[in-house]
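Please look over the sequence and the fold below before reading on.

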Amino acid sequence: NHALQDQHFSLDALEDPAVTAIPDRSLALTALVEGDASAVMQLYAQEVMTRNPLAALSMLAEGALSNTLVMPPGTPEVLTRELLFPYEQGMAFVVALAADGGWKAVNAAYENPPTTSEQIIHPEKYLADEGAVTRPEWDALAAPEGWASLWDVPLGEYYLREHLRTLLTPADAADAAAGWGGDRFQVFEAADGTRLWLLTLAWDTPEDAAEFADAYRAGLTETYGGPLADDARCHATNAGVGCLVTLENGDTRVVHAPTLEDAAAYLEG
């Protein structure tokens, strides 16, 4: 399947460094490619099953014997979910495109690839050409004095959902991440190796922002205990403090820092 995709759509040309440098965008592109291949494989298997059931059973047996249907033992669940996402959610994305506009719509997606995992999780966002929101004011979010910037990329709905799973049930994490509109994720490191990260999020609606804030605060409370006496926006964590604030423009900011003093600069604005 990938050979045919490359023949018609030049997969190497899709691997632009500007895309691969952003994990969420790279995940979305991989989901298109693997989802397309998986959907074609499913259709082919269904066709074989209809025409020759014995041949279909032989194909399934060969797949089982080659161990291509299972993850290697000991693979962490978080990595397993990430590895399977392009195949499972990607196939659902491709099926949704085909249902909306036939295989021409799937082929057209290679000319206009999905740019966020949100578009893969919610194909209607891709069909509506809804991309990620960015804010000019996010450009002012610099590293604290004496700290170095390690990471500065969009996190995206998929990876936001994975972070939320450390605090919430899988279903609640998915619900809280839905409505994601865009973000900027930054990680800073001090000279002694101490790290601070912040995530500034835009939302589709104020209701989505409120739902996320309520769920995140509840998750912090359930996991680490109630808010700090010095600042009710923050909770003590196993790595310092975790804080959530709603900004004047309706955006949400999550800050995890070694101390409340380190977090303070990012809790306003």
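D231 and R233 join their side chains in a salt bridge, with N and O 2.9 Å apart. The term salt bridge is used here for a side-chain nitrogen of Lys or Arg within 4 Å of a carboxyl oxygen of Asp or Glu. Side chains of opposite charge can pair when their charged atoms come close. D231 counts as buried because its relative accessibility is 14%, and R233 counts as partly exposed at 28%. Buried means under 20% relative accessible area, exposed means over 50%, and partly exposed lies in between (1.4 Å probe, protein chains only).

The model is predicted: local features need pLDDT of at least 70, side-chain atom pairs count only at pLDDT 80 or more, and totals for chains, interfaces and linings use all residues. Residues are numbered from 1 along each chain as its sequence is written, and side-chain values use heavy atoms, with hydrogens and water left out.

How many salt bridges does a search of the whole structure find? The search finds nine. One of them is between E162 and R81, at 2.8 Å from N to O. This pair links distant parts of the chain, since E162 is in helix α9 and R81 is in helix α6, 81 residues apart. Helices (H or I, at least four residues) and strands (E, at least two) are DSSP runs, numbered from the N terminus. E162 is buried, with a relative accessible area of 10%, while R81 is partly exposed at 23%. E77, R81 and E162 are linked in a network of salt bridges.

D251 and R135 form another salt bridge, their closest N and O atoms being 2.9 Å apart. This pair also links distant parts of the chain: D251 is in the loop between β5 (240-246) and β6 (252-257), R135 is in the loop between α8 (123-127) and β1 (148-153), and 116 residues separate them. D251 is buried, at a relative accessible area of 1%, and R135 is partly exposed, at 25%.

The next topic is the cysteines. The sulfur atoms of C234 and C243 are 2.1 Å apart, and the two residues form a disulfide, a term for a pair of cysteine sulfur atoms within 2.5 Å. By this rule the count is one disulfide. Why is the disulfide of C234 and C243 called right-handed? The torsion about its S-S bond is about 110 degrees, so the disulfide is right-handed. C234 is buried, with a relative accessible area of 0%, and C243 also counts as buried, at 0%.

V78, L79 and L83 make a nonpolar patch of about 230 Å². Patches are made of residues with over 30% relative accessible area and no salt bridge; like charges are joined within 9 Å, and nonpolar side chains (Val, Leu, Ile, Met, Phe, Trp, Tyr) within 5 Å. V78 is in helix α6 (residues 77-109) and is partly exposed, with a relative accessible area of 46%. R165 is 87 residues from V78 in sequence, but their C-alpha atoms are 9.5 Å apart in space. R165 lies in the loop between α9 (156-164) and α10.

A patch of negative charge is also found on the surface, where D172, D175, E211 and D214 gather. Helices α10 (170-177) and α11 (206-224) each supply at least two residues of this patch. D175 is in helix α10 and is partly exposed, with a relative accessible area of 45%.

Technical notes: Accessible areas come from the Shrake-Rupley method with a 1.4 Å probe; for residues, only the protein chains shown count as cover. Lys and Arg count as positive and Asp and Glu as negative; His and the chain ends are not counted. The place of a charge is taken as NZ of Lys, CZ of Arg, CG of Asp or CD of Glu.
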